Amino acid sequence: MEKTITYWLTNVGGEEFSGKFGFSITLLAVVFVAWIAYEVFRRIVSPMIIYLADKTHTEWDDDLLTPEVLRAFSQMMPAIVVAWLLPKMFVNHETLYIWIKKLTLFYIVWSCVHLVNKVVEAIFQAFDKRDYGKVHSLKGTFQMLKLIVIGVGVITGAGILFDRSPIAILTAFGASAAVLMLVFKDTILGLVAGVQLTANKMLQKGDWIICQKAGANGEVIDISLTTVKVRNWDNSVITIPPYNLVSDSFQNYQPMRASGGRRVSRFVYIDSYI
């Protein structure tokens, strides 16, 4: 590509003009082509995909092919175009070619991580809309999947920038495993506790629980990787780490609700001087 542009500029303005502006025009041409690819996918291809998804009878394609997912995919188009044009341009600039290749691959990795996280979020929203998330408390699981994807992206991106294999990067992280475990202690404990709460069916979204130590007496409104939110009957919201619910005891009145029973609390004041 650079040779073609240089040959065309030489015919138009001579060798001196080609030597001064050949590289700049080549770079602008690549940027322009990448921008065109992004705009075409965002403004033409994405609306067509959404239109076709709306015409189908199933609802899963509507939930997965959301504008956020397609926008994340469109952000990959410039990097894909640049990666495709790299072998054909900058033939006479080997050092610049290496750095642009690294940055392009790093951007592709970041775009893939962003796209996968958007897909995971769309899948969670689809399950939550169908009340699967309420029954199985899937929010923490999907959050952990997003953390794993981000971790893989960080390791891959670091390997691309520093010319190291992912195994070498993992070895470096393994040497500092104690520090990482200390930093992500709450996340690890929350994940393990969330798995225990879900696997043992101890807690679900919408349950009425009482945790005396945390001062919670109300309905569970959200279960995430690191927190459980409870709305008390006075409409105050208490945030409890999942590990506290596993390590300490709490009362769950949902089986009583399911059986049709009621629990009524009343205060009876007695005048002891009578």
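Predicted model: local features only at pLDDT ≥ 70, side-chain atom pairs only at ≥ 80, totals over all residues.
Me: How far does helix α7 reach from its first C-alpha to its last?
Reply: Helix α7 covers residues 139–162, 24 residues.

Me: Which residue follows α7?
Reply: Within α7, the buried residues (under 20% relative accessible area; exposed is over 50%, partly exposed in between; 1.4 Å probe, protein chains only) include Phe-142, Gly-153 and Ile-155. After the helix comes a residue with a positive phi, near 55 degrees. That residue is Asp-163.

Me: How many helices and strands does the protein chain have?
Reply: Helices (H or I, at least four residues) and strands (E, at least two) are DSSP runs, numbered from the N terminus. By that count, the chain has 12 helices and five strands.

Me: In what order do the strands of the open sheet lie?
Reply: Two strands pair if DSSP finds at least two bridges between them. The pairing in this five-strand sheet is antiparallel, and the order is β4-β3-β2-β1-β5.

Me: Which are the edge strands?
Reply: An edge strand here pairs on one side only. This holds for two strands, at residues 237–240 and 251–252. They are β4 and β5.

Me: Which residue in β3 stands opposite Gly-218?
Reply: Strands β2 (residues 216–223) and β3 (residues 228–232) pair over five bridges in the antiparallel sense. A hairpin of four residues joins them. In β3, Arg-231 is the bridge partner of Glu-219. Opposite Gly-218 stands Asn-232.

Me: What is the bridge partner of Ile-209 in β2?
Reply: β1 and β2 run antiparallel, joined by four bridges. Their hairpin has four residues between the strands, and Gly-215 in the turn has a positive phi of about 75 degrees. The β2 partner of Ile-209 is Gly-218.

Me: Is Asp-207 buried or exposed?
Reply: Asp-207 lies in the loop between α10 (185–199) and β1 (208–211). Its relative accessible area is 5%, so it counts as buried.

Me: With which side chain does the side chain of Asp-207 make a polar contact?
Reply: A polar contact is a pair of N or O atoms within 3.5 Å; within protein, one must be able to donate a hydrogen and the other to accept it, and residues adjacent in sequence count only if both atoms are side-chain atoms. Contact alone means heavy atoms within 4.5 Å. Beyond four places away in sequence, Asp-207 touches residues including Gly-218, Glu-219 and Val-220. Its polar contact, at 3.1 Å, is with the side chain of Asn-252.

Me: How many disulfides does the structure hold?
Reply: A disulfide is a pair of cysteine sulfur atoms within 2.5 Å. Cys-211 is buried at 3% relative accessible area, whereas Cys-112 is partly exposed at 32%. The number of disulfides is zero.

Terms used. Residues numbered from 1 in each chain as written. Heavy atoms only, no water. Expected span 1.5 Å × (residues − 1).
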